[in-house]
Amino acid sequence: MEEVQYLDWNNSTQILNKAFEAGLFVLIIGPKGTGKTSLVRDFAKNNNGNLQSINFSLRTRESHLVGSKTLTDGTVTFDEGVLIKSMREGNMLYLDEINAAEADVLLRLDEALDDRRQIVLKESTGELIKAKENWFVIATINPLTHSGTKELPPQILSRFPVRIRLEYPPEKIELEIVKKHVSGEHESEIIQAIKLANILRQAAAVEELFYSPSLRETIAFAKLLDKGMSAKKAAKFVFGNVYTQWGNIEYQKVSDIITSMFGN
């Protein structure tokens, strides 16, 4: 499938370019599904950069970053992790959802991110790895309302002095983004779906609902319309049913909104 070009609606690419030229690491902050990963991929592609990435969770270990020893045919070798590889090769390193990482992992990362851009490979030969000149690191974080996220320690925050805030785009822009993914014959229904998504996002922002739909959902809604599904049904399957996870009252609240917007 052909990759859809990223729509840079708030000049984030320009900020990334300036930070890259200045050798300053970047932190992108925003809720899920606002295009953080698409932005990073697009930036790497436009700069002909080799992008290496790691997605953090509670299960991410230091060895994923630095590497680990393996036994092959009776010989112990050291498999270097994504951090070491990117430093050696001077590639772009994308640290996705860095505020889901455990403290010990962040501590090890901090060693490489300070101004000297170096790390001691104590797991292997004790070699001092110095990052190549054009090594560049971009990290993303989800707001603390997302499960599994923690506050980033100040010393890690200070390693990323350029911060981009990525919110959900204005409705007109979201429509443009969605239309890049579909045939575009259902504009009025898509506009309704974006309005619905924004109502649900605002309710989630003030904690009236437990879930905030992302751009992925509005794109999914439009794709179902392309396949001949009615707008009401598509809205139910994409936006409504997920709230069942939090019980019937939550689900009913959203169902009523869908009915009021898309009819019976």
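User: In which sense do strand β5 (residues 92-96) and strand β8 (residues 136-141) pair, and over how many bridges?

Analyst: This is a predicted model, in which local features need pLDDT of at least 70, side-chain atom pairs count only at pLDDT 80 or more, and totals for chains, interfaces and linings use all residues. Residues are numbered from 1 along each chain as its sequence is written, and side-chain values use heavy atoms, with hydrogens and water left out. Helices (H or I, at least four residues) and strands (E, at least two) are DSSP runs numbered from the N terminus, and two strands pair if DSSP finds at least two bridges between them. Leu95 stands opposite Ala139 in β8, and β5 pairs with β8 in the parallel sense over four bridges.

User: Which strands stand at the edges of the open sheet?

Analyst: The open sheet is formed by five strands in the order β2-β5-β8-β1-β9, with parallel pairing. Two of these strands have a single partner each, so one side of each is left without a neighbour in the sheet, and they are β2 (51-55) and β9 (162-165).

User: By how many degrees are neighbouring strands of this sheet turned against each other on average?

Analyst: In the sheet with the order β2-β5-β8-β1-β9, axes are lines fitted to C-alpha atoms, for helices over the stretch in contact, and angles run from 0 to 180 degrees between N-to-C directions. For neighbouring strands of this sheet the direction is ignored, and the average turn is 20°.

User: What angle does the direction of helix α1 (residues 12-22) make with that of β9?

Analyst: Helix α1 packs on the sheet, touching β1 (26-29), β5, β8 and β9. The direction of helix α1 makes with that of β9 an angle of about 170°.

User: Which residue is the bridge partner of Leu27 in β9?

Analyst: Strand β1 pairs with β8 in the parallel sense over four bridges, and there Val26 has Ile138 as its bridge partner in β8. Four bridges also join β1 to β9, again running parallel, and in β9 the bridge partner of Leu27 is Arg163.

User: Which residue in the hairpin of β6 and β7 takes a positive phi near 80°?

Analyst: Strand β6 (residues 118-121) and strand β7 (residues 127-130) run antiparallel and are joined by four bridges, with Val120 standing opposite Leu128 in β7. The hairpin has five residues between the strands, and the residue with a positive phi near 80° is Gly126.

User: Which residues have the most contacts inside the largest nonpolar core?

Analyst: A nonpolar core is a set of buried Ala, Val, Leu, Ile, Met, Phe, Trp, Tyr and Cys residues joined through side-chain atoms within 4.5 Å, where buried means under 20% relative accessible area, exposed over 50% and partly exposed in between (1.4 Å probe, protein chains only). The largest nonpolar core has 47 residues, and those with the most contacts inside it are Leu95, Ile98, Trp135 and Phe160.

User: With which residues is Phe160 in contact, leaving aside its neighbours within four places in sequence?

Analyst: Contact means heavy atoms within 4.5 Å. With its neighbours within four places in sequence left aside, Phe160 is in contact with Phe25, Val26, Leu27, Leu95, Ile98, Leu113, Val137 and Ala139.

User: How do the residues of the contact of α9 with α10 divide into nonpolar, polar and charged?

Analyst: Helix α9 (residues 215-226) and helix α10 (residues 231-240) pack at an angle of about 145°, with their axes 9 Å apart. The contact is made by Glu217, Thr218, Ala220, Phe221, Leu224 and Leu225 of α9 together with Ala231, Ala234, Ala235, Val238 and Phe239 of α10. If Ala, Val, Leu, Ile, Met, Phe, Trp, Tyr, Cys and Pro count as nonpolar, Asp, Glu, Lys and Arg as charged, and the others, Gly among them, as polar, the residues of this contact divide into nine nonpolar, one polar and one charged.

User: Is Glu174 buried or exposed, and what is its relative accessible area?

Analyst: Glu174 is found in helix α7. Not counting residues up to four places away in sequence, Glu174 touches Pro169, Ile194, Asn198, Arg201, Leu215 and Thr218. Glu174 is buried, and its relative accessible area is 0%.

User: Is Glu185 buried or exposed, and what is its relative accessible area?

Analyst: Glu185 lies in the loop between α7 (171-179) and α8 (187-205). Glu185 is exposed, and its relative accessible area is 65%.

User: What share of the 264 residues of the protein chain counts as buried?

Analyst: The protein chain holds eleven helices and nine strands, and its C-alpha atoms fill a box of roughly 70 × 40 × 40 Å, taken along the principal axes. Of its 264 residues, the share that counts as buried is 45%.
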